[in-house]
Amino acid sequence: MSSPVTIQPFDGKSVCLFCGSSETVHPEYLAAAKAFGEATARAGWRLVYGGGGVGLMGASARAAHGAGGRVLGVMPGFLRSRERLFDEVETLVVPSMHERKTIMYDQSDAFVVAPGGVGTLEEAIEVLSWKRLDLHAKPVIFLNLNGFWDALLAVMEHSIEEGMTPASFRQAWVVCDTVAAAIEAVRASDEMPHLQHDQR
């Protein structure tokens, strides 16, 4: 159940970016996050992200904002100092990680999973789990820079091969090697039906 928060209305497409907040990553990943943020702004989409001003999160949000795009950040209060809240854009500070993810889900039409740590992994697995249960039909797109997500994709393939997951689940995600391909995958999803969060 969503919390009664006030969010500025947005009538266009909203794309959620799951990504890392580490500042010790390869510059190529930071450049890709920046390029993704700029591309969402050019497309007229709103970027929904975790609210931080560091790492890939900060790079994407600053780039989208700098290019004139709409940005919605959602951050639990206990992470304000660690992830350094980027308050130049619309940002919600919420009590918990659960509420953060709920709002990000509710406010998004598609999910792009860029390189990140265990938090990014958890977010990706959760939206895939919901999709496996037919609770939503929103696209899940892995931005697989330098094969970053190959190991996770191999685990999911192993689950299918072992009979734990139906083969049809391979259709639950898209893998893109570049920012441009990920943007095109989001654009191609425009006609997909989306189930609502309150069906979960």
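## A charge over a ring

Lys138 sits over the face of Tyr105, at 3.9 Å from the ring centre. The rule asks for NZ of Lys or CZ of Arg within 6 Å of the ring centre and within 35 degrees of the ring normal.

This is a predicted model, in which local features need pLDDT of at least 70, side-chain atom pairs count only at pLDDT 80 or more, and totals for chains, interfaces and linings use all residues. Residues are numbered from 1 along each chain as its sequence is written, and side-chain values use heavy atoms, with hydrogens and water left out.

## Aromatic pairs

Tyr105 also belongs to an aromatic cluster with Phe18, Phe111 and Trp130. The structure holds seven aromatic pairs. Rings of Phe, Tyr and Trp (its six-membered ring) pair if their centres lie within 6.5 Å; planes under 30 degrees apart count as stacked, over 60 as edge-to-face and the rest as tilted.

Phe18 and Phe111 are stacked, 5.6 Å centre to centre with 10° between the planes. Phe18 lies in strand β1 (residues 14–18) and Phe111 in strand β5 (residues 110–113), so this pair ties together parts that are 93 residues apart in sequence. Strands (E, at least two residues) and helices (H or I, at least four) are DSSP runs, numbered from the N terminus. Phe18 is buried at 4% relative accessibility. Phe111 is buried too, at 1%. Buried means under 20% relative accessible area, exposed over 50%, and partly exposed in between (1.4 Å probe, protein chains only).

Phe142 and Trp149 make an edge-to-face pair, with 5.9 Å between centres and 65° between planes. Both residues are buried.

## Salt bridges

The count comes to five salt bridges. Each is a side-chain nitrogen of Lys or Arg within 4 Å of a carboxyl oxygen of Asp or Glu.

In one of them, Glu126 meets Lys101, with the closest N and O atoms 2.9 Å apart. Glu126 is in helix α4 (residues 118–132) and Lys101 in helix α3 (residues 97–106), so the pair joins parts that are 25 residues apart in sequence. Glu126 is partly exposed at 23%, while Lys101 is buried at 13%. Together with Glu122, these two residues form a salt-bridge network.

Arg170 and Glu157 also form a salt bridge, at 2.5 Å from N to O. Arg170 lies in the loop between α5 (150–161) and β7 (174–176), and Glu157 in helix α5, 13 residues apart. Arg170 is partly exposed at 33%. Glu157 is partly exposed at 23%.

Glu184 pairs with Arg187, with their closest N and O atoms 2.5 Å apart. They are three residues apart in helix α6 (residues 179–188), so about one helical turn separates them.
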